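Student: I am new to this structure. Please take one part and go through it closely.

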Amino acid sequence: MLSHYYTVKGQGEHEIIIQKSRFIAHVARATTEEEAQNFIQEIKKKHWDATHNCSAYMIGESNQVQKANDDGEPSGTAGVPILEVLKKKDLKDTVVVITRYFGGIKLGAGGLIRAYGKATSEGIAATGMVERKLVQIMHTNVEYTLLGKIENELRSSSIHLLKDIHYLEDVTFDVYVEEDKHQVYLDWMIDLTNGKAKTTPGDRLYLEQNV
């Protein structure tokens, strides 16, 4: 699992007009090629009367799946520029479809490349990007006498994020700790409690933060 990566916030849409042609960017997150293809087909069905529905997607931790489709535009003028924007922004698990309604003015190869690139960039900006950070939930058990001190320190921490507190025989803090900061957290907790805290690792998951 990657320690962190970037993707789009969710599903979004954004339209621009270039030389009387409408370019509508449809952006979505897709974790598999099947999801990406389903999204593309959904947009094609919705905009069946469009001149073109060009697309690209990049999927996998190492960008194993990269596909671009010009959908009738001159080769390399639509799908590839869309894919290049995804690469430049380092976006994983992302699919983009650009719907074009021709406005009567030909843009030429260079104009098409710029138009599809611009539509993609603006569509992604309108949708929003997130950074997904791999964290592990640490379960830290302490006596009630340390409750106030530990809670205050965790709530004011800019590194470790408090998830939950369980009030049982002792107090257990569930804390999100980034993948490369496990030892930092353990050492910090030992210092705070003079070695009286007992910490056990829990589930690993991704937390999202707006970029």
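Which domains does the domain assignment of the protein chain give? Please then look at the largest pocket.

Tutor: This is a predicted model, in which local features need pLDDT of at least 70 and side-chain atom pairs count only at pLDDT 80 or more, while totals for chains, interfaces and linings use all residues. Residues are numbered from 1 along each chain as its sequence is written, and side-chain values use heavy atoms, with hydrogens and water left out. The assignment gives domain 1 (7–127) and domain 2 (131–210); such bounds come from an automatic or database domain assignment. The centres of the two domains, taken over C-alpha atoms, are 42 Å apart. Four residues of domain 1 are in contact with four residues of domain 2, contact being heavy atoms within 4.5 Å.

Now the pocket. On a 1 Å grid over the protein atoms alone, a pocket is an open set of points where a 1.4 Å probe fits, with protein on both sides within 12 Å along at least five of seven lines; lining residues have an atom within 4 Å of a point. The largest pocket holds about 280 Å³ of space, a volume being the space filled by probe spheres set on the points, which are joined across faces, edges and corners. Its lining has 16 residues, with Ile159, Leu161, Glu178, Leu207 and Gln209 nearest the centre. Two or more lining residues come from each of strand 7 (129–142), helix 4 (147–155), strand 8 (161–167), strand 9 (171–178) and strand 10 (198–210). Helices (H or I, at least four residues) and strands (E, at least two) are DSSP runs, numbered from the N terminus. By class, seven lining residues are nonpolar, four polar and five charged; Asp, Glu, Lys and Arg count as charged, Ala, Val, Leu, Ile, Met, Phe, Trp, Tyr, Cys and Pro as nonpolar, and the others, Gly among them, as polar.
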